[in-house]
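Here is a short briefing to read alongside your viewer. Have a look at the structure first, and then we can go through its side-chain contacts together.

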Amino acid sequence: MAAHRKPRQRSLGGNTARTAATLALAGAATATAFDGTGNAEPQLTPTQVKAKVDKLYQEAETATEKYNGAKEKADTAQRRLNSLRDETARKQDKLNAARSVLGSYAAAQYREGGIDPAWQLALSSDPDRYLDGAAFAERAGDRQAGAVARVREQLREIEQLRGAARIELNALRSRQAELKRQKKTITGKLAEARDLLARLTPAQRAQVTGDGTTAGHASRSASDTRPDLEPTGSPAAPGSRAAAAVAYAYQKLGSPYVWGATGPDAFDCSGLVQAAYRSAGLSLPRTTYAQINAGRRVSRSELQPGDLVFFYSGISHVGIYIGNGQMIHAPNPSAPVRVAPIDQMPFAGATRVA
């Protein structure tokens with residue numbers, strides 16, 4: 001009978017269980033390696049970080065110039081809206097005075113024998129309604145008809161002003177939405193650049209961002225209030241305004257880059273140019289793509305101190321030429337206002353504004 005018994009199945013235990021557990025753990029570790037550490041971003045070299053950071057800064061600066069343009073238009077729309085509201089209020093005061101005159105006519109008619117139904121209509125809460133009644137003007141006489149005509153014209157003017165104000169308000173809201181979009185783009189690009197730079201050692205960051213000196217000219221520290229004189233051998237600006245703008249730029253060496261800033265203590269690239277020429281008595285547009293059209297175009301071989309030099313295909317960066325192939329510009333958040341060679345970036349054109 002024993003020969004016909006089924007062999008008893010051995011339970012998964014002992015060495016067999018330990019082997020299965022080891023294999024399971026090994027599989028889990030392998031999966032983790034593929035899902036996590038195995039897919040970790042490779043460590044970038046300082047050269048690769050510099051390339052990425054430079055690209056992010058350029059994209060942020062492009063967004064900054066769009067932000068500057070949208071802000072300029074938003075400010076203009078706000079001024080127009082305020083002006084329209086002020087004019088509407090003045091027209092409303094005149095309308096109230098004219099309606100008061102009509103009221104005095106009605107009072108006089110009442111004293112002479114009751115208020116005509118037309119006057120009741122005139123003094124109703126719906127001024128459009130009584131003005132649409134042609135019979136009222138016919139009964140009122142020349143003087144009263146003139147007063148009614150003035151009220152009618154004032155109502156029309158007020159409605160036109162309110163319509164224009166609605167248009168400006170819509171434009172303002174559109175510009176404000178654009179500002180919000182561009183601000184989000186700028187802050188996102190700059191945050192990404194900061195994150196990349198934070199992965200480097202201090203020495204590597206200095207290599208990527210520069211040490212604050214370019215072409216032998218030291219940037220002035222923020223605590224140094226001495227005006228920087230033009231270096232020996234630099235050509236003089238051809239005109240008084242250009243010379244004043246160049247002198248202003250030298251005085252601002254070492255000032256921090258802040259996107260959207262126009263001075264006096266911080267600047268973005270087009271803000272520095274605008275502030276420099278404002279100090280010289282010349283008003284320039286706010287953005288790089290408007291500044292390049294603010295004067296006479298000149299070739300690279302014709303450059304003189306004070307000329308504006310522009311970079312990248314989208315005209316997203318600008319500096320002030322100071323001679324000898326050098327410019328003063330506000331580079332990016334990792335570097336202050338400084339002197340740099342104009343061949344540091346892709347040259348896009350130049351303009352002489354003074």
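How many salt bridges does a search of the whole structure find? The search finds 12, where a salt bridge is a side-chain nitrogen of Lys or Arg within 4 Å of a carboxyl oxygen of Asp or Glu. Please keep in mind that this is a predicted model, in which local features need pLDDT of at least 70 and side-chain atom pairs count only at pLDDT 80 or more, while totals for chains, interfaces and linings use all residues. Residues are numbered from 1 along each chain as its sequence is written, and side-chain values use heavy atoms, with hydrogens and water left out.

**Salt bridges**

- D75 and K71 meet through their side chains in a salt bridge of 3.2 Å, N to O. Both residues lie in helix α2, four residues apart, about one turn of the helix; helices are DSSP runs of H or I with at least four residues, strands are E runs of at least two, and both are numbered from the N terminus.
- D75 is partly exposed at 32% relative accessible area, and K71 is partly exposed at 35%. In these terms buried means under 20%, exposed means over 50% and partly exposed is in between, with a 1.4 Å probe and protein chains only.
- R80 and E168 form a salt bridge of 3.9 Å, N to O. This pair links distant parts of the chain, with R80 in helix α2 and E168 in helix α5, 88 residues apart.
- E168 is buried, with a relative accessible area of 14%.
- E178 bridges to R181, with their closest N and O atoms 2.5 Å apart. They are three residues apart in helix α5, so about one helical turn separates them.
- R181 is partly exposed at 48% relative accessibility.
- A network of salt bridges links K55, E59 and K189.

- Q182 belongs to helix α5, residues 134-198, and is buried at 10% relative accessibility.
- Leaving aside residues up to four places away in sequence, Q182 touches A63, K66 and Y67, where contact means heavy atoms within 4.5 Å.
- K50 sits in helix α2, residues 46-111, and is partly exposed at 34% relative accessible area. Its C-alpha atom is 7.6 Å from that of T209, although K50 and T209 are 159 residues apart along the chain.

**Aromatic rings**

- The count comes to three aromatic pairs. Rings of Phe, Tyr and Trp (its six-membered ring) pair if their centres lie within 6.5 Å; planes under 30 degrees apart are stacked, over 60 edge-to-face and the rest tilted.
- Y248 and F267 form an edge-to-face pair, 6.4 Å centre to centre with 85 degrees between the planes. Y248 lies in helix α7 and F267 in the loop between α7 and α8, so the pair ties together parts 19 residues apart in sequence.
- Both Y248 and F267 are buried.

**Helix α8**

- Nine of the 11 residues of α8 are buried, including C269, L272 and Y277.
- G281 follows α8 and has a positive phi, near 85 degrees.
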